Amino acid sequence: MSKSDDSPKDNSEPSPAAENNDNALIDLQEELRASHVQEVLDRLDRELVGLVPVKTRIREIAALLLVDRLRKKLAIASETPTLHMSFTGNPGTGKTTVAQRMAEILHRLEYSRTGQLVAVTRDDLVGQYIGHTAPKTKEVIKRAMGGVLFIDEAYYLYRPENERDYGQESIEILLQVMENNRDDLVVILAGYKNRMDRFFQSNPGMRSRVAHHIDFPDYTHDELLTIAKLMLAELNYRFSTEAEAAISEYIRIRMQLDHFANARSIRNALDRTRLRQANRLFATPGPLSKQDLITIEAQEILTSRVFTEGQRDFDGDKGTDQPTAAS
Amino acid sequence: MSIRITQGTFSFLPDLSDEQITKQIKYCIDNGFAVNVEYTDDPHPRNTYWEMWGPPMFDLKDPAGILYEVNECRKAFGNHYIRVSAFDASNGVESLRLSFIVNRPQDEPGFRLERTDTNGRNMRYALHAYSTEKPSGDRYS
């Protein structure tokens, strides 16, 4: 635990814990280093492409908690800050990933005790009959205590069209816990922007209890390209030069099509690309080199239906249609 | 006169604060025990099986969840005895490892010794809790 390695202050300054010592100096950098939070922030920077507003906000929260911790050491009283958050953004913009990092950061800063992330959806919170919801919700909340409760697609909790829906009961319990057990639990609500807005509109209590509304922007073309390369590198593949141009073109077209889910679409596309690469290797006569096994060629990408169907509306692009030239 | 009953661990000490309770629960969780909250209004020392406040909590990682249940139980049965029990399953059966009282009634009237003549000049003794003279539910109101 990080608690033990920062309590004996290893800098030579006078102990800041001494009461009434207004002149005690504290090294913020030292504190930052001791908390190891910088590593998490750096990793966040490295592994998550783009998302500048999100990273800025996380940095701000980390700074606040760090300063708060220092204040506590100097025995300056202050209320524990409310850290409930809402993550809004289109599909595939990294909400879940960031939530996981958030749990880690809060743990490093000793705001949460266990650093665990309990991810739930409506199913886990809302019961099927009268009297079933409250114990179910409480069970989940208890399980998440000391860590972060991540409610994905939180707007499904509230169904205004069905007045006998039990979701409201679940929301009420959540509200109560978010208010009374602020030290024990951080709640992160996630979902698509417009639906979350509607959810907060119909639950003003929820809106006021959530201190941080973080919006995840869509990725730009260049960011998606970087993501594609990162993902591929993680799988130990690489693009050939032509393939890189092809994927760039692929992303440009795919972005304009319906059901575009940012990084998730890219991952799916890469999965299919690997499929086609394996297929091609099978069709290739003769022995293969290691280079062959790890290289994705342009033809694997250009075979995608995205190139043939252009602007048309369809659910996915899993076709392995006849190869056509890129536009 | 109030007689504090002494059942379970720590019962000769002053009542535990919430912080102390949390630390005890933390110890239980760290050892992998399942923690259970129970309540009763019968203070007899042989009253082993208390009412369960919800099912035992197996999968919690943090004491806050259990303290939450303790507080919920206090809200509902503030004037009852409430205890926290920890069960260890590593022996193959759930065996009680730790049990301590976290809540007791405002006023504990204590016990009376009952003597009964039996065969010959033999005496049998029994403990009778004054509070059980009232029906269950009205005992500590």
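**A walk through a predicted two-chain model**

In chain A of this predicted model, confidence is at its lowest in helix α1(A), residues 2–6, with a mean pLDDT of 42, and at its highest in strand β3(A), residues 148–151, with 94. Across chain A the mean pLDDT is 81, and 87% of the residues reach 70 or more. Two stretches deserve a careful eye. Residues 1–19 of chain A stay under 50, and the model gives them 22 contacts beyond four places in sequence. Residues 311–327 of chain A are also below 50, with 24 contacts beyond near neighbours in sequence. Where pLDDT is low, the predicted coordinates should not be read in detail.

Let us stay with chain A and look at how it is built. Chain A holds 16 helices and seven strands. Of its 327 residues, 34% are buried. Among contacts in chain A between residues at least 6 apart in sequence, 75% join residues at least 24 apart.

Now find the sheet. Five strands of chain A line up in the order β2-β3-β4-β1-β5, paired in parallel, and the sheet is open. Strands β2(A), residues 117–120, and β5(A), residues 212–216, stand at the edges; each has a single partner strand, so one side of each is left without a neighbour in the sheet. On average, and ignoring direction, neighbouring strands of this sheet are turned by 20° against each other. For a look at one pairing, take β1(A), residues 85–89, and β4(A), residues 186–191: four bridges join these parallel strands. M85(A), for example, has I188(A) in β4(A) as its bridge partner.

I188(A) turns up again in the next part of the tour. In soluble globular proteins, nonpolar side chains tend to be buried together. Which residues touch the most other members of the largest nonpolar core? They are A99(A), V148(A) and I188(A), in a core of 72 residues. Apart from this core lies another, of 21 residues, including A228(A), L232(A), A263(A) and A269(A). As for V148(A), leaving aside residues up to four places away in sequence, its contacts are A99(A), M102(A), A103(A), L106(A), S112(A), L117(A), V186(A) and I188(A).

Next comes chain B. Its two helices and six strands follow the order α-β-β-α-β-β-β-β from the N terminus on. The C-alpha atoms of chain B fill a box of roughly 60 × 35 × 25 Å along the principal axes. Buried residues make up 26% of its 141 residues.

At 1.5 Å a residue, its 14 residues should span 20 Å, and its end C-alpha atoms are 20 Å apart, which agrees. What covers them?

Finally, turn to strand β5(B), residues 111–117. Is it well covered or hardly covered? It is hardly covered: the count of buried residues among its seven is zero. Strand β5(B) pairs with β6(B), residues 123–129, in the antiparallel sense over seven bridges, and F111(B) stands opposite A129(B) in β6(B). The two strands form a hairpin with five residues between them, and in the turn G120(B) has a positive phi of about 65°.

Notes. Residues numbered from 1 in each chain as written. Chains lettered and ligands numbered in written order. Predicted model: local features only at pLDDT ≥ 70, side-chain atom pairs only at ≥ 80, totals over all residues. Expected span 1.5 Å × (residues − 1). Buried ≥ 20, exposed ≤ 12 C-beta atoms within 10 Å, placed from the backbone. Core = buried A, V, L, I, M, F, W, Y, C linked by C-beta atoms within 7 Å. Contact = placed C-beta atoms within 7 Å. Pairing = 2+ DSSP bridges. Axes fitted to C-alpha atoms, helices over the stretch in contact; angles between N-to-C directions. pLDDT = per-residue confidence, 0-100.
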